[in-house]
Amino acid sequence: MKYFIGITPPDDYKEKIVAFRDRWSSNRLNDVVEPHITVKAQGGLTVDLHWLESVRQTCSLMPIFQLSLSGPGSFGSDVTFLSVETSNVIELHRNLVKAISPAQELLDRYFEMDKYHPHLTLGQTYWGMNELR
């Protein structure tokens, strides 16, 4: 089983995002995962859950914050997303990565720390969307 840490939008936003994703019959992303903003990718989040208490402690120290979804963007022609507007998500990401301390190879593989770009994925070629042109 693979784990990640994410923030899910309120139900009314979630429903709109699901409906938007479903406008393309080839987009199977809703079959795989609910709409979310990944805060910490799976690198270092192992099945033994030894990291879970560190995550709880790190999150408990973070003040409550608001975020906004803004304009669309893409990672090349493979991923279409909505941008996230708040520096607090980046701060939380960095704190979680430090608490979990994954290997550098995992940081690079999952685009963490300086490579992290908070977003909410709308579609991805891996899950059936056609390549953007």
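His 93 is found in helix H4. In this predicted model, His 93 counts as buried because its relative accessibility is 0%, under the 20% limit. Helix H4 (residues 87-100) also packs with helix H3 (residues 52-61), and the chain has a largest pocket of about 1100 Å³.

**Packing of H3 with H4**

- Two packed helices are described by the angle between their axes and the distance between the axes.
- For H3 and H4 the angle is about 150 degrees, and the axes lie 9 Å apart.
- The crossing in which H3 passes H4 is right-handed.
- On the H3 side, the contact is made by Ser 54, Val 55, Thr 58 and Cys 59.
- On the H4 side, Leu 92, Asn 95, Leu 96, Ala 99 and Ile 100 make the contact.
- By class, the residues of this contact are 6 nonpolar and 3 polar, with no charged residue.

**Thr 58 in helix H3**

- Thr 58 has its place in helix H3 and is one of the residues that make the contact with H4.
- Thr 58 is buried because its relative accessible area of 12% is under 20%.

**Largest pocket**

- The space in the largest pocket comes to about 1100 Å³.
- Its lining has 27 residues, and those nearest the pocket centre are Thr 38, Gln 42, Tyr 110, His 119 and Gln 124.
- Helix H2 (29-32) and strand S5 (119-124) are the elements that give two or more residues to this lining.
- Strand S5 gives the most, with 3 residues.
- The lining of the largest pocket divides into 14 nonpolar, 7 polar and 6 charged residues.

**Second largest pocket**

- About 220 Å³ of space lies in the second largest pocket.
- Ile 7, Thr 8, Pro 9, Pro 10 and Tyr 13 are among the residues that line the second largest pocket.
- Its lining also includes Ile 37, together with Phe 65, Gln 66, Leu 67, Ser 68 and Leu 69.
- In the lining of the second largest pocket, 8 residues are nonpolar and 3 are polar, and no charged residue is present.

Definitions and conventions. Residues numbered from 1 in each chain as written. Predicted model: local features only at pLDDT ≥ 70, side-chain atom pairs only at ≥ 80, totals over all residues. Heavy atoms only, no water. Axes fitted to C-alpha atoms, helices over the stretch in contact; angles between N-to-C directions. Helix = DSSP H or I, 4+ residues; strand = E, 2+ residues; numbered from the N terminus. Left-handed = near helix turned anticlockwise from the far one by under 90°. Contact = heavy atoms within 4.5 Å. Nonpolar A, V, L, I, M, F, W, Y, C, P; charged D, E, K, R; others polar. Buried < 20%, exposed > 50% of the residue type's maximum accessible area, 1.4 Å probe, protein only. 1 Å grid on protein atoms, 1.4 Å probe; cavity = no way out; pocket = protein on both sides within 12 Å on 5 of 7 lines; lining within 4 Å. Points joined across faces, edges and corners; volume = space filled by probe spheres on them.
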